[in-house]
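Have the viewer open as you read.

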Amino acid sequence: TVAEDTAKAVKEVKAGRVEFKMDKAANLHVVLGKASFAADAIEANARAVVGAVVHSRPTTAKGRFIDSCTLSTTMSPGLRIDLKEFVVA
């Protein structure tokens, strides 16, 4: 990604900035690590991403905010993630 102010962009990323990308079918695509990361690092990143998405829910949103969650590498089958511990109503 190209940024106007590179130093500011690097600071934001190091501070924990999470970027969401949604496609036309309302699927959210988020990079949360690399396949070479340790399992606990991927879990921590996944928890942070889901928490950020849940926290960013608009107050006017009704119904289920997150319907399902799947984790996968670029060209692999997806693994369904159980979101029961998050408040996703």
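## The largest pocket

Helix 1 (6-14), strand 1, strand 2 (28-29), helix 2 (39-55) and strand 3 (70-71) each put at least two residues into the lining of the largest pocket. Helix 2 gives the largest share, with 9 residues. Helices (H or I, at least four residues) and strands (E, at least two) are DSSP runs, numbered from the N terminus.

In total, 48 residues line this pocket, and His29, Val30, Val31, Leu32 and Val49 sit nearest its centre. By type, the lining splits into 27 nonpolar, 12 polar and 9 charged residues. The space inside comes to about 1,800 Å³. A pocket here is an open set of points on a 1 Å grid where a 1.4 Å probe fits, with protein on both sides within 12 Å along at least five of seven lines; lining residues have an atom within 4 Å of a point.

## About the model

This is a predicted model: local features need pLDDT of at least 70, side-chain atom pairs count only at pLDDT 80 or more, and totals for chains, interfaces and linings use all residues. Residues are numbered from 1 along each chain as its sequence is written, and side-chain values use heavy atoms, leaving out hydrogens and water.

## The chain overall

The chain has 2 helices and 4 strands, running α-β-β-α-β-β along the sequence. Of its 89 residues, 9% are buried (under 20% relative accessible area, with exposed meaning over 50%).

## Out on the surface

Met22 belongs to strand 1 (residues 21-22) and counts as exposed because its relative accessibility is 56%.

How values were computed:
Buried < 20%, exposed > 50% of the residue type's maximum accessible area, 1.4 Å probe, protein only. Points joined across faces, edges and corners; volume = space filled by probe spheres on them. Nonpolar A, V, L, I, M, F, W, Y, C, P; charged D, E, K, R; others polar.
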